[in-house]
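I opened this model to go through its interfaces one at a time. My notes follow in the order in which I looked things up.

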There are 4 protein chains.
Amino acid sequence: MATRRVGLWLIGAFGSIGSTVALGLASLKRGLASPVGMVTTLSEFQKLPLAHFEEIELGGHDLRPDDFTKILTDTHAAAGLYSLAQINACKEDLVSWQSNIRPGVLLPCEERIRTQGQDNWIQLVSSPLQAIQKIGEDLRDFKQKKQLDQIVVVNVSSTETQFPAQNCHARLADLNQALAKGEAVLPASSLYAYAALDAGFAYVNFTPSLGASIPALAELAEVRKTVHAGQDAKTGETLLKTVLAPMFAARHFKVLSWVGHNILGGGDGYVLDDPRNKQPKMQSKEHSVSSILGYKPQTHVSIEYIESMQNWKTAWDHIHFEGFLGTKMTMQFTWQGCDAMLAAPLVMDLARLSLYAQSKGEVGILKHLACFFKSPIGVTEHDFFQQFEMLKDHLGV
Amino acid sequence: MATRRVGLWLIGAFGSIGSTVALGLASLKRGLASPVGMVTTLSEFQKLPLAHFEEIELGGHDLRPDDFTKILTDTHAAAGLYSLAQINACKEDLVSWQSNIRPGVLLPCEERIRTQGQDNWIQLVSSPLQAIQKIGEDLRDFKQKKQLDQIVVVNVSSTETQFPAQNCHARLADLNQALAKGEAVLPASSLYAYAALDAGFAYVNFTPSLGASIPALAELAEVRKTVHAGQDAKTGETLLKTVLAPMFAARHFKVLSWVGHNILGGGDGYVLDDPRNKQPKMQSKEHSVSSILGYKPQTHVSIEYIESMQNWKTAWDHIHFEGFLGTKMTMQFTWQGCDAMLAAPLVMDLARLSLYAQSKGEVGILKHLACFFKSPIGVTEHDFFQQFEMLKDHLGV
Amino acid sequence: MATRRVGLWLIGAFGSIGSTVALGLASLKRGLASPVGMVTTLSEFQKLPLAHFEEIELGGHDLRPDDFTKILTDTHAAAGLYSLAQINACKEDLVSWQSNIRPGVLLPCEERIRTQGQDNWIQLVSSPLQAIQKIGEDLRDFKQKKQLDQIVVVNVSSTETQFPAQNCHARLADLNQALAKGEAVLPASSLYAYAALDAGFAYVNFTPSLGASIPALAELAEVRKTVHAGQDAKTGETLLKTVLAPMFAARHFKVLSWVGHNILGGGDGYVLDDPRNKQPKMQSKEHSVSSILGYKPQTHVSIEYIESMQNWKTAWDHIHFEGFLGTKMTMQFTWQGCDAMLAAPLVMDLARLSLYAQSKGEVGILKHLACFFKSPIGVTEHDFFQQFEMLKDHLGV
Amino acid sequence: MATRRVGLWLIGAFGSIGSTVALGLASLKRGLASPVGMVTTLSEFQKLPLAHFEEIELGGHDLRPDDFTKILTDTHAAAGLYSLAQINACKEDLVSWQSNIRPGVLLPCEERIRTQGQDNWIQLVSSPLQAIQKIGEDLRDFKQKKQLDQIVVVNVSSTETQFPAQNCHARLADLNQALAKGEAVLPASSLYAYAALDAGFAYVNFTPSLGASIPALAELAEVRKTVHAGQDAKTGETLLKTVLAPMFAARHFKVLSWVGHNILGGGDGYVLDDPRNKQPKMQSKEHSVSSILGYKPQTHVSIEYIESMQNWKTAWDHIHFEGFLGTKMTMQFTWQGCDAMLAAPLVMDLARLSLYAQSKGEVGILKHLACFFKSPIGVTEHDFFQQFEMLKDHLGV
C-alpha cells in the first residue's frame, strides 16, 4: 500500500490550540512526546487504521500572519509551557506547515476579532459567496499541492458572537438562494463550514460558533457525501459536569443548585470578555446538567477573563444537593487546566476519527463523537460515559 | 397475595446509620420523607417487586442498650440533623423496633468497642461457637415472633481492627473444625455473618470488617442456599474516586498522584481514631484508583477524627495529572457529606435487593451489587458506572 | 446609680439580622447563649462601661408586619438555625419587642422591596419631609414610652438601589431647602438617618445603602451633637480580603488578580439579585484590596442569589500572585458562613460602642469603628488589623 | 567610604533554596529580577543602610558536590522554574560562588541525609569538636580570602531528626565540657551554629533543626558579641495560620478545629518523608494557632511527600469555627506555592537584617525578626502582624 497522505486544516491555525497542535503533531511524529491526553491512542483504539502522525500535513487559515516557532517560544517564556528543546527539534515541520497557512477571509461583522488581524494580510471579500469560493480554493490548492488523499477542516478559532437563526437555515435550497442574493445569512464559521463540506471534506467544529450546526449544512454534507461533527469541545469544567451529574443521578441525589465560575486568560479569554462572544459559550455550558438529571436545578455559569491566568483556566464549581431526610450536602471542585494542552490532543483525535469515518463511507453527522463535545449535534445524551460507550460501540472496540 | 413480611436486622442498630435507617424507614412508610438517596426508588427500578417500606420490620444487635428516639433527638440538638416533627410522628415504630434490639455478643478481642458497651447488657460468650449459636437464636426468634418470610442481616457496626488471615478461612470444613476446637479464628463480624448465613438468611457487610469475605463463608452461603454481599459501602470520597478515575482513564490523562484526606467526627470517627481500626478502611479506600487506571500513581489516604465535625465528613482530594506535552494539571475537590444520611438509604437498597435476589433463587455472592461497595467481593471492576450497568443488566432494568 | 435603659432601634427589624439580634439579645440576657462573635465581649473590652444586655430594649421599623417567634421557628425548620428551646425560653422578650416594631415609611422608588411589604401596614407618605417627621415621631415615642436614656438606630434593612449624588448633599442648608420643596433628593435609608440624627440619636448604617454617608448629614450630626458610623458591615469575604491583603503587602508579594465569587440565598440574596440593588454592594467589596496593596491588581467580584443556600453564603476567592523570580502562585479560599449569625453580634457591638461614644460626649463620625465596615466613612485605612488597633487605641484598651 | 563586602554562607548551599538564592542574588545584582517577595525592599525599609546586592559574596557547605548552573537548568527542565536566559546571564557569579562551596562535615548520626551525599567529598570527622573546628576554619578562610567585613551563616539544609534535650544544653561551660569529652551532645545543625557564633559571625537558622536554639549557644553568642535568629522560616501554611488566627481571635469566633494537610515534592519533601525528620517540622507548625487564640482547639497537621509535586507545595487547611448562637461555620484554603521561591528572598532579608543588627552593635537573639519564623526563639508572639510591627518598631521604620 502506498503511503496515505491526509491534511489537517485548522481555521485559526495560529491560535494557542492551533500552534499546540502543530508542535504536538511534529513531536509525536519524531517520538519526542507521548500521546497523553489523546483518546485515540488508548489501547482499545490501536487496532483501528487511523491516520498515523507522519501521514498528516498541517495547513489552515488565520486572520493574522504569524510564526509557529515565535508563538511557541513566546508562550514558553511567558507561561512556562512547551520545551525549547522540543520546539527546536520540530523546527522543520513548524516552518514548512507555516507556509501552508492562508490569510483568513473577513466579513465586516466580527469587530473584536478584527482588532487582532492585520489589514494587509486578510482576504477581504465582498459577499458571502465569494468568501466560500475563496476558502474552497485554498482547501483544494492544499489538497493538490500536497497530494493529499483526504482533508479534514477543524474550526479552532475564537468564539463568534451569537448569530441569529434565519429561516433559510432550514433547507439547503433556501440557503443557497439567500447566498446568491448576497444576504448576510451566515456567520464566518458557517462560511468556512460550507466551503469545506461543499468541497467534500470532513468538517469538525471545535468551538461554540455556529459552524455546520444548521439543517441546511447537514443537507450539504449529505449531498456531498462527507461527514461533520461538533460543537464546542468538552475539555474541562463541562467534561466534569457530564462525569459528575450522572453520579448524582445514579445515586438519586437531588441536585439543588450547580454554580460554576471559570476564570481564564489568553486569547480565548480575551475574546470571551466581550459579552456577545461569551453568550454562545455560556449556553453551551448550561444545559448539560439539566439534561442528565432530568430536571432543572438552579444553575449559574460565569466565564471571566483574568489576564494573569495566561493560558490557564481555573473552574470552581459548587454543587449543592439534597440527600436522605432533606439533608443538604455540598461538593466543590476546582479544575486547574491549560486549555490548549487539553484541546490539542482532542483536535487530533477528532481529525483522525472523522477521516476514518469518511474513508469507511459514512455520511452526515458523526454522532458517535458526542463524547468530545459540549453540545453534540444531533445527540441528546450528555452523560460522558454513555457517550464514550457510544464511541466504542460504533467503532467496534 | 397475602402481605409479605421481611426483617431487616442491623448489627450495630443503635449507631448513627442504624438509627437513621429506623427513622427513615418509619418516615417513608408514612409518606413523611421522600426516598432521596435511595437507588432502588429511581424510576428504572420501579417495576421490580422489591419489598415495600411497610413490609419491613426492623431488628438488630447492639453492644449497648439505647433508645432510638433519644439518639435521634440528641443528634438533632447537637448537629441539627433530622426533624423533631418527623421523630415524633414515627415514635410508634421507633419504640416498637427498639424492643427488637438484642444485646450484642462480645468476645474479649475488641477493647475499644467495649468501652462503649455496657457489661450488664451484652451477652458474654465463652467460645466463638457459642456466639454463633446465640446470634442464630436471636435471628430465628425474630423471624418466628414477627412471622417474617425473609430476613436480611446488615452489618452497620463500627469498623473492627484488622483480623489476620487464617489457613482455616479457605474451606468450610477446616473452619468448622477450628471453631469446634474453640479457636479464635474469626473476628466478631464474621461470627455474625456465620450465624446469619447458617440460618439461611441474606447477609450484607456494609463495613470494612471481615464479615463474610472469606472462602469458607462463601461456601457456607452456597450450602445454605442463601446470598451475601459486601464489603464497605461506597458513600463519599471513594464513590467520587470511582466516578472520576474512569474519566481520567477515558481521556488518556496520566494520573501522577491522588491524595485524599478525610476528616470526620461522630462514633465512626472515634473508632477509626485507633490506628488498628483505621487500617482496614484505609486499604479499602486505596486500591480503587489503581485498579481503574491500570497503573499505580502515588496515592495517599488519611482519615482523621475531628470531634467538632460531629456527624459530618469532609474529604479533600488533590489529583495531580499530566496532560499533553508533559503539562501538569490539577483537580481538587471537597466533599461535605453527612455519612449517616448517605449510608442509610443504601442500607435499605441493599436489603431490598438482597431479599429480592434470594427470593428469585439466587445463591452466593451478589456480584451485581458491586456499585454499592468500596471492595466488592468477587468483583474486580471498580468503575462506578460500569458497576451501575452491571446492576441494571442483572436486574433487567 | 439608677439602672440605665437604652433603646436599639432596627430599620428592617423583621429581617434575618433583626430577628437574630432579637433572639440573641434575649438569650444573652438570660445567660442562654455565650457572646461568641461579639467583639465587645473580648476580655480587653470588659472594663468599658458598655450597655449590659439586660439594659437594652429593642424596637424598629419594618415594611411588613411579622412575628419574631414565627420567623425564627420557620428558619429553624427550613435551615436548621437557632434552637427551639432557646426560642421558647425567650418568648416573653420576643413578643414584647415585637410590639415595638412600627410600620416602615414607604416612598414609591423602591419597587422590589415593596413586593415584600403589605399595603395596609406601611405608612405611606407624600413627601420626604413627612417621612422624616413620621420616623422621628416613632423614635421619640419609643424613647418616652420605654423611658430610655439613649437610642441608637441601626439600619439592617435590604440594600437599596444606588442613589445618584445630588448637589444638595454637600451642605445641610441646601439639603433642607430641597427637602422643603418636596424634592426626592434622598433615598429611604437617608430619610431614616436624617430622622435619627435630627432627634439626637446615634445612627449606624450596617448596609451599603447611602444612609448618613453624605456631608449634609454629617453636618446634621454635628449640629445635633450626636454620632454616626457606617457603612456596610464587614462580615465575610471582605473581612478576609482586609486580613489577607496586608499579608501579601507585608511579604512584598505582587498580587496579579483577585477574584471573588459569592453565592447566597435568603432575603438578602433575593434583593441583591436585582442588579440595581447589587451595584452598591459590589462597589463596596471592590476597593479594599487595591487600597491596602497600594496598586490595583485585576479584581472581579460577583454576588449571585442561589435559592438553595438559604441563610448561608459561600465565597470562593482566587488570589493569583507573583513571588520571587516571576513565579506565579495561587491562594484560594472558601468561606461558608451564615450571614445573620455573623452580622447580629456586630450589630450589638456597634450599638454598644455608639451609645458609649455618645455618652462620653463624642460627636460626628465614629472613625474608630472602621474595623466593622467595608466602606468606613471618613477612613481610608482598610487593613483590618490596623483598624482593630485604631479601635483599641481610641478606647484605651 | 570604601565598599563594604559581606559574606552569605549557606549550610546546604546546593539545595533548592541555596541555588535559588544564588540565582536570585546574581539576578538582582544585574537588575535582571525585581525583588518581589523580599521584605527588606519594601519602601519603608529603603532608608536603612542594608547590604546592597552587589556587596554580597556567596559561599557555603554542602554534603554533596554539585554545580549551580546544572541544578538550576535541571529544575527548569523538570519543573519550569527559573528562566534559562537569566541562568545564562548570571553564569559568572554562579561559577565563582560555586568554587566557594566547601564539603559538609559529617557525623554518623544522619543516615537519611547521608544517602544523598558522596563519601569522597564530605569531610569525615572523628569528634564534634573536630567538626566545629573544621567548619570554623572554612568560615575564616572565606572571610580572609574574599576580604569580607562581615559574615552571616544561614542554615538552609534539610531538616534533621529531632535531637533529644541534654542537660549540658543549659550552660555553655557544661556544653564545652561535654564536647571536650567527645560526647555526641549536639546535632550537626548545632555544630555549625557553634562554629559560626564562636567565630563571631551572625547565624540564622532557617530550618526546624536545633541550630542555636539552646541556652548554651545563646550564651556563646553573648560571649562572642554576635547575633543569631531562628527558627524555621514561615513561608506558607504557617504564615497564613498566623495571619488568619488573629482575625478569628479579634472577631471573638471560637475555633473548634484547625486541620492542615501539606503535600510537597522535592528534596525537602523527600527528607521529611522520614517520620524522624518530619517530627520537628510538625511541632513547629502546631503551636502557633493555640498561642494566638489563647486556647487549644483540636489541631491536626500532616506533611506528605508527593513526588509529582516537585518543587511545589500545596496546603489545604480546614478551619471549623463557632459563631453566634452556636452556629458552626467553615473556612478552607488552599495555598499553592513554590517553597524555594518563597524562601530565597527571606534568606536574603534575614542575612541583610542580621548583618545590620550586628553592625549596629546588637548582641544575642534578634527577637525583632520573629515575623520570619514559625518558632521564633525567645518570642511568644505568633500573630504575624504584631510581629511585623515589632520589626518595624525595632528598626524605626
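I began with chain B against chain A in this predicted model. The two chains bury about 4700 Å² between them, 70% of it on carbon and sulfur atoms. Buried area here is the accessible area (1.4 Å probe) that two parts lose on being put together, summed over both. Chain B gives 62 residues and chain A gives 62 residues.

Before going on I noted the ground rules. Residues are numbered from 1 along each chain as its sequence is written, and chains are lettered from A and ligands numbered from 1 in the order in which they are written. Local features need pLDDT of at least 70, side-chain atom pairs count only at pLDDT 80 or more, totals for chains, interfaces and linings use all residues, and side-chain values use heavy atoms, with hydrogens and water left out.

How many salt bridges cross between chain B and chain A? I found zero, taking a salt bridge as a side-chain nitrogen of Lys or Arg within 4 Å of a carboxyl oxygen of Asp or Glu. Polar contacts gave 16 residue pairs, both at pLDDT 80 or more. The term covers a pair of N or O atoms within 3.5 Å; within protein, one must be able to donate a hydrogen and the other to accept it, and residues adjacent in sequence count only if both atoms are side-chain atoms.

Next I asked which elements of chain B face chain A. Helix 1 (16-29), helix 10 (237-250), strand 11 (312-322), strand 12 (328-338), helix 13 (339-359) and helix 14 (384-395) each supply at least two residues. Helices (H or I, at least four residues) and strands (E, at least two) are DSSP runs, numbered from the N terminus. Strand 12 of chain B has the largest share, 11 residues. I sorted this side of chain B by class: 39 nonpolar, 17 polar and six charged. Ala, Val, Leu, Ile, Met, Phe, Trp, Tyr, Cys and Pro count as nonpolar, Asp, Glu, Lys and Arg as charged, and the others, Gly among them, as polar.

Strand 12 of chain A pairs with strand 12 of chain B in the antiparallel sense, over seven bridges. Pairing needs at least two DSSP bridges between two strands. I checked one bridge: A:Thr330 partners B:Gln336.

Then I turned to chain C against chain A. Here 24 residues of chain C touch 23 residues of chain A. The pair buries about 1900 Å², 58% of it on carbon and sulfur atoms. C:Gln298, C:Ser308 and C:Trp316 supply 25% of the area that chain C buries there, more than any other three residues. Salt bridges again came to zero, while 14 residue pairs are in polar contact. The chain C side divides into seven nonpolar, 14 polar and three charged residues.

Last, I looked inside chain A. I counted zero salt bridges and six residue pairs in polar contact. On the domain 1 side, helix 2 of chain A gives the most, with three residues.

Definitions and conventions. Contact means heavy atoms within 4.5 Å.
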